[in-house]
Amino acid sequence: MINLNKLEAKIDKLFENETSDSLTKWLLNKRFGNINILLGNGKFVSMKSHKTPLFSNIQKPNFTKKDNNFTPINRLAA
Amino acid sequence: MTFYHTQENRYNELEEPILCDKDNAWLGEAYYFWGNEDDAVFWGVKFKRKTGKYDIYKAEINTDEILDTVFNREQYFFWIKQIEKAAKFFVKKTGTKPTLKEINDFFHERNVWTDIDGILFQDISENPIHFMVKEFQYKKRIQLALYNDKKIVTFALHYTGEV
């Protein structure tokens, strides 16, 4: 029979002893393995992209009002 | 208790299960078994296709010291509490959410899980033959992640299927 109280106490004790540095180092090694050894320890950085307003600075085309009197014949004449 | 272990048929009959250390193994490095034979067959047909055949091994396993998150109410709520506690702790200390595998690996490597032989857990089956009623999957897909292979009482080839 599993002693759940003993198991929980063990887990709580583990959390008490773990620091941000030790846990981050463990997780980086777990996720990136040897690459982390090569690059050195760092911290987790949010990789959420921000929406780039790619088209926000593009000016709207400046259309002029159509000249209803303009005909292809006028164009040719010009 | 009876469990099933699915592997590709590679013409050599296994004498013991293969340890799974894949990144997507939910509960970390362990011997994984299915609780239902039809889930073992479905896994073989869907994911063990390389050689055209799959083997299903049948095992009797002593589950006295298995954390039973499927049928034991007390152990299920204990499990939920510890996983959520660990997840919050990881976020607080590292600023990132852990996976279930990472939590279990962490418990393993820090010798927390040495008091248990494995974890019985469940998710929802994708097996179409389980969808016998409309709109709700009522059948659990039960798996055992066994950490202590000494708890395997018997292990033998049960069935070879073709994909």
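B:N111 is exposed, with 10 other C-beta atoms within 10 Å of its own. This residue of the predicted model is placed in the loop that runs between α3 (100–109) and β5 of chain B, and its phi is near 60°, a positive value in a residue other than glycine. B:Y11 lies in the loop between β1 (2–8) and β2 (31–34) of chain B, and B:Y11 is exposed because 7 other C-beta atoms lie within 10 Å, where a count of 12 or fewer is the mark of an exposed residue.

Chain A has 78 residues, of which 5% count as buried. Helix α2 of chain A, which covers residues 20–32 and has 13 residues, reaches 18 Å from its first C-alpha to its last, a span close to the 18 Å expected at 1.5 Å a residue. The residue that follows α2(A) is A:G33, and the phi of A:G33 is positive, near 50°.

Between the two chains, 17 residues of chain A are in contact with 19 residues of chain B. On the side of chain A that touches chain B, the elements that give two or more residues are α1 (4–17) and α2 of chain A, and the largest share, 8 residues, comes from α1(A). Sorted by class, this side of chain A has 10 nonpolar, 2 polar and 5 charged residues.

Both of these helices of chain A can be followed to a helix of chain B. The axes of α1(A) and of helix α2 (residues 73–94) of chain B are 11 Å apart, and the two helices pack at an angle of about 0°; α1(A) and α2(B) are therefore roughly parallel to each other. From α1(A), the residues that make this contact are A:L4, A:E8, A:I11 and A:F15, and from α2(B) they are B:E74, B:Q75, B:F78, B:Q82 and B:F89. By class, the contact of α1(A) with α2(B) has 5 nonpolar, 2 polar and 2 charged residues.

The axes of α2(A) and α2(B), in turn, come within 9 Å and cross at roughly 105°, which means that α2(A) is roughly perpendicular to α2(B). In this pairing, A:S20, A:L23, A:T24 and A:L27 of α2(A) meet B:F90, B:K93 and B:T94 of α2(B), and the contact, by class, has 3 nonpolar, 3 polar and 1 charged residues.

One of the residues through which α2(B) meets α1(A) is B:F89, which has its place in helix α2 of chain B. With 18 other C-beta atoms within 10 Å, B:F89 is partly exposed, because this count falls between the 12 or fewer of an exposed residue and the 20 or more of a buried one. The C-alpha atoms of B:F89 and B:K150, which stand 61 residues apart along the chain, are separated by 32 Å.

Attention may then pass to the largest nonpolar core, which has 32 residues, and in which B:F33, B:L144, B:A145 and B:L146 touch the most other members. Strand β3 (residues 53–61) of chain B gives the most to this core, with 5 residues. When its neighbours within four places in sequence are left aside, B:F33 is in contact with B:F3, B:Y4, B:H5, B:A59, B:Q143, B:L144 and B:L146, and two of these partners, B:L144 and B:L146, are themselves named with B:F33 as touching the most other members of the core.

A further residue of chain B, B:F121, is found in strand β5 (residues 118–124). B:F121 counts as buried because 21 C-beta neighbours lie inside 10 Å, where 20 or more are required. Not counting residues up to four places away in sequence, B:F121 touches B:L27, B:T69, B:V70 and B:Q143; B:Q143 is also listed among the contacts of B:F33. The C-alpha atoms of B:F121 and B:W34 are separated by 10.0 Å, although the two residues are 87 residues apart along the chain.

Note on methods: Residues are numbered from 1 along each chain as its sequence is written. Chains are lettered from A and ligands numbered from 1 in the order in which they are written. This is a predicted model: local features need pLDDT of at least 70, side-chain atom pairs count only at pLDDT 80 or more; totals for chains, interfaces and linings use all residues. Helices (H or I, at least four residues) and strands (E, at least two) are DSSP runs, numbered from the N terminus. The expected span of a helix is 1.5 Å times one less than its number of residues. Two residues are in contact if their C-beta atoms, placed from the backbone, lie within 7 Å. Ala, Val, Leu, Ile, Met, Phe, Trp, Tyr, Cys and Pro count as nonpolar, Asp, Glu, Lys and Arg as charged, and the others, Gly among them, as polar. A nonpolar core is a set of buried Ala, Val, Leu, Ile, Met, Phe, Trp, Tyr and Cys residues joined through C-beta atoms within 7 Å. Axes are lines fitted to C-alpha atoms, for helices over the stretch in contact, and angles run from 0 to 180 degrees between N-to-C directions. Angles under 35 degrees count as roughly parallel, over 145 as roughly antiparallel, 65 to 115 as roughly perpendicular and the rest as oblique.
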